Amino acid sequence: MLPILIISILLISAVCLCFIKNVAHAKIFAMATYGAALALAVVMAATIVSDGYISLIIGSAPWNIEILAGPVDAIIVLIFTGISFFIMWASLSMLGHDLEPKRIPYYYALMSALIAALCGVVMFNSFFNIFIWIEIGSFAAAGIVIIKNKPETLKAGLKYLSLSIMGSGFMLMGIVTLFFMAGTTTFSMTDLGVYIANNFAGNESSVHIALVFLTIGLALKAALFPLHIWLPDAHGSAVSPSSAVLSALVLKAPIIFYIKILHRVIGIENMLNDPFLSTMLMVVMIAGVSAMMFGSMMALLQKDIKRMIAYSSVAQIGYIFMGIGMGTTLGLLAAIFHILAHAVAKSTLFLVAGSTIEQTGEKYISKMAGLGKKMPITMALFTLGALSMIGIPLFIGFNSKWFFGMAIVDSQHIWLMIVLALSAMLNGLYYLPIVVRAYLGKEAKEAAAAKINIERPVKNLMPIMILAGLIIIIALASSPIYNYIDYAIGRI
Amino acid sequence: MNILLVLPILLPILAGAILPKLKGVNLKTFVTAVMAINTALVVLIVSLGDISIRLLSITPQLSLFLQVDNLSRFFILLAAGLWLLVTFYTFGYIKADDRQAGFYRYYLLSYGVIIGATLSGNLVTLYLFYEFMTLFTYPLVTYNGDKAAIKAGNKVLVYSFFGAGLTLAAMFFAARFGMTFDFVAGGTLDMAAVAGSESLALFLFFVAFIGFGVKAYIFPLFDWVPSAYPEVPSPAAALFSGVVSKVAILAILRLTLYVFGADFIMGTWVQNVLLVLTITTVFLGSMSAFREKLFKRRLAYSSVSQLSYIMFGIVLLSPVALLGSMLHVVAHGVIKVVLFLAAGAMIQQTGKTMVDDFKGAGKSMPITLWCFTLGSIALIGIPPTLGFLSKWYLAVGGLATTAPALGMLGAGMLLISALLTGGYLIPIFAGAFFPGYKFDYTKLVKNEPKKFITIPLIILAALALLFGIFPGILMNFIDSISAMLF
């Protein structure tokens with residue numbers, strides 16, 4: 001029942017929030033909901049650790065509700081509810097800057113629906129259910145972009161929504177293909193997986209077509225290069241807590257779904273042995289690698305801090321797809337670990353960027369010079385996030401880099417090491433100058449001399465500090481996490 | 001008991017972290033107290049015996065492991081000793097302005113991670129401290145805060161990260177051979193696992209060596225040195241040359257003799273290529289120093305060549321050459337600190353930066369110039385200084401090697417380089433003491449720097465001489481290290 005409980009709490013709260021007019025009440029109510037969701041996610045994770053799975057089927061196939069939450073899902077739901085809790089906590093003091101007060105309750109309503117949808121995508125086992133959750137998620141995600149009510153967010157939000165719907169169309173075609181292939185009896189991923197395992201010979205073309213559609217659809221939703229075109233606009237223009245949620249969490253749900261399609265439905269043996277499917281896997285990997293290069297290069301060219309961080313997300317999503325595309329256990333392990341690493345580091349960076357924009361009113365990177373003297377804590381947090389992105393040891397980004405490095409050495413694609421090295425170098429090239437110019441140079445000297453301090457109150461920075469702390473804590477404590485993911489990917 | 005190993009690393013790091021927040025505490029007193037306590041801690045753990053502690057283990061290869069062996073003792077004492085003495089010098093050198101706290105913060109942070117590097121028990125831990133060394137020394141490089149300093153700092157950063165990246169990539173591949181990267185005398189390479197891909201393993205060793213070599217100024221990756229050193233405050237320059245580069249040497253020693261092992265590398269193309277590279281660097285460094293007119297850059301180029309003496313000795317892979325190398329680690333460590341500190345004092349007192357600007361300085365600041373002279377003589381390698389002894393063993397090692405042609409070339413190059421060293425150092429102090437009959441002595445005024453500056457200089461210069469006269473303890477200690485290795 002736990003999965004249903006998590007989702008229904010969030011959905012009920014979404015409905016209630018639409019009727020709460022008092023902003024302060026709405027905030028308290030919303031935070032109580034996210035806290036409850038996080039607590040339930042912890043309980044659920046504990047249950048799954050001891051029992052292995054939580055499975056629940058309501059109604060009869062094919063039009064039923066089917067939940068199957070395994071170890072991977074426990075981790076991901078914990079990430080979704082946990083990270084969103086801290087981002088929303090940070091948003092309490094940030095939203096007033098960008099949103100009209102009357103919209104704030106709606107913002108939290110959309111956010112509740114979005115988190116519910118993300119958890120739904122991860123915990124449900126029926127294609128039909130997942131499709132619905134993805135749709136709810138798409139609309140809610142576009143909503144938290146558009147709600148800022150500026151011309152550019154409206155444009156970005158609509159672009160996001162239309163491409164997202166296009167992605168859904170592709171997905172739907174893929175799902176329907178599989179549904180008809182198996183004789184229109186089931187939407188369950190597990191059942192379809194069993195069917196394909198037994199009847200792959202003879203049904204190759206259906207599987208091929210379905211996978212192509214699903215890959216395109218999910219690549220659109222996960223912003224995999226070259227289908228990332230909506231991402232920089234949406235993530236760059238939304239309010240910062242939205243950007244953080246979009247980058248850290250929303251992109252990850254379709255990725256988990258895609259991993260399940262590959263491993264639970266089609267089966268990794270088929271993926272590797274069938275010439276067409278293995279080519280597909282290769283294409284995904286190449287797209288990931290191109291994303292790593294292209295995203296970083298575009299990030300280098302950006303003048304707007306949030307757009308830069310958004311392009312950095314394009315690159316980081318590339319890492320994850322590279323890991324998936326390797327088709328090996330180690331690659332998948334690195335990819336799933338990177339989902340966690342990126343969620344923590346990227347939400348920190350977006351919230352920090354939001355804080356600096358809020359305090360200075362400037363969104364341009366060039367205006368961040370000398371900021372280390374004016375906002376010492378905020379820029380220290382930015383430095384932490386940046387060092388993690390570059391992959392300095394002791395920060396979570398290094399663990400990711402290490403796992404990816406090990407996966408590459410283990411795979412057939414040794415040349416990826418060069419990509420990994422180049423990408424780390426590019427990350428350094430666009431993150432480090434910001435850090436350096438924040439503390440050194442003419443502007444820093446002037447700021448230090450003028451003794452301007454525009455730091456936000458520590459109590460407002462608390463959630464960002466916790467997220468930044470997680471960058472180090474998880475890096476040091478990643479041994480159990482690593483072992484658990486290792487155990488979990490055998491049970492997708 | 002083993003947890004004690006963490007203390008000398010954590011104490012300076014924590015002290016550095018809180019330092020700018022301290023109100024009402026005298027900065028110098030605080031730094032002195034931290035350095036004193038930490039030196040005591042270092043002495044304590046050095047005398048505790050071979051202890052080790054595994055702090056964290058994420059995967060068998062990815063773990064934080066600290067240990068004390070004789071090699072760590074050797075380097076930790078060198079690093080802690082030099083850092084302590086230079087601390088007093090900084091009290092006389094660093095101006096008491098609002099950036100002072102920033103300097104000492106990173107001074108202590110760098111000290112902590114360098115102590116950490118010397119205590120590292122595996123390659124991953126060493127890599128970790130190595131990266132942090134780059135990060136924490138960056139604010140010291142850019143201390144002047146002007147455009148040139150930031151540019152130099154960025155160049156250092158790019159080169160250092162590039163080098164560390166090479167090492168990391170090599171580690172990824174080497175992990176495939178089932179290496180745990182823990183340091184064991186003689187190496188941990190499992191020949192059975194490597195069988196069939198020896199050439200790959202050799203290449204990995206080469207890449208990792210070059211990666212660490214960036215910070216030990218190996219050709220062709222020393223281009224950042226002449227850009228960086230003139231910008232760095234002199235005490236920091238002294239420590240970069242005397243200690244930071246020695247951490248790179250420690251890393252190379254660990255990589256060569258404690259991870260891959262001498263037997264594996266002996267007589268291969270890698271050994272020959274590295275010999276050629278180090279010999280080239282010796283020559284290029286000395287030659288560039290000889291032609292350079294900017295004082296601190298001349299000393300920086302000099303370090304380039306001297307560090308390659310050390311690497312040359314390591315790559316020869318024999319006990320005698322290693323003895324020479326390790327003696328030269330001490331010799332160059334102490335001497336180059338003396339030279340940079342003296343140079344810093346001369347530059348600060350006169351405001352001049354070129355080598356020809358110090359005519360007659362021997363009369364106005366005799367103590368500084370005498371220390372500089374003593375350091376120069378030791379670096380050239382005139383007996384009975386330590387510089388003579390180390391080069392002697394390096395040359396003997398070069399002549400008695402399995403790669404006779406390159407060994408002989410190297411020994412010859414040591415001689416040429418010694419002459420060049422004389423050529424670029426002697427004119428400075430000769431001109432300072434004997435400025436020529438046309439020199440106008442009436443303009444000279446007493447210009448000796450503060451006691452904080454002269455006393456560490458005298459101690460260090462005396463050490464350079466004393467180690468040369470009484471090298472017995474050092475040599476026995478080094479023999480105890482190499483006995484385990486060959």
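A residue is termed buried if 20 or more other C-beta atoms, placed from the backbone, lie within 10 Å of its own, exposed if 12 or fewer do, and partly exposed in between. The model is predicted, and local features need pLDDT of at least 70, side-chain atom pairs count only at pLDDT 80 or more, and totals for chains, interfaces and linings use all residues. Residues are numbered from 1 along each chain as its sequence is written, and chains are lettered from A in the order in which they are written.

Buried positions in helix 7 of chain A include A:Gly157, A:Tyr160, A:Ser164, A:Gly167, A:Met171, A:Gly174 and A:Leu178. The buried residues of this helix pack against helices 6, 8, 9 and 10 of chain A, contact being defined as C-beta atoms, placed from the backbone, within 7 Å. Just after helix 7 of chain A, A:Gly183 has a positive phi of about 85°.

The axes of helix 16 (residues 329-360) and helix 22 (residues 458-476) of chain A come within 9 Å and cross at roughly 150°; axes are lines fitted to C-alpha atoms over the stretch in contact, with angles from 0 to 180 degrees between N-to-C directions. Residues making this contact include A:Leu340, A:Val344 and A:Leu351 of helix 16 and A:Ile464, A:Leu467 and A:Ile471 of helix 22.

Between chains, 23 residues of chain A are in contact with 21 residues of chain B. On the chain A side, helices 19, 20, 21 and 23 each give two or more residues.

Key: Contact = placed C-beta atoms within 7 Å. Helix = DSSP H or I, 4+ residues; strand = E, 2+ residues; numbered from the N terminus.
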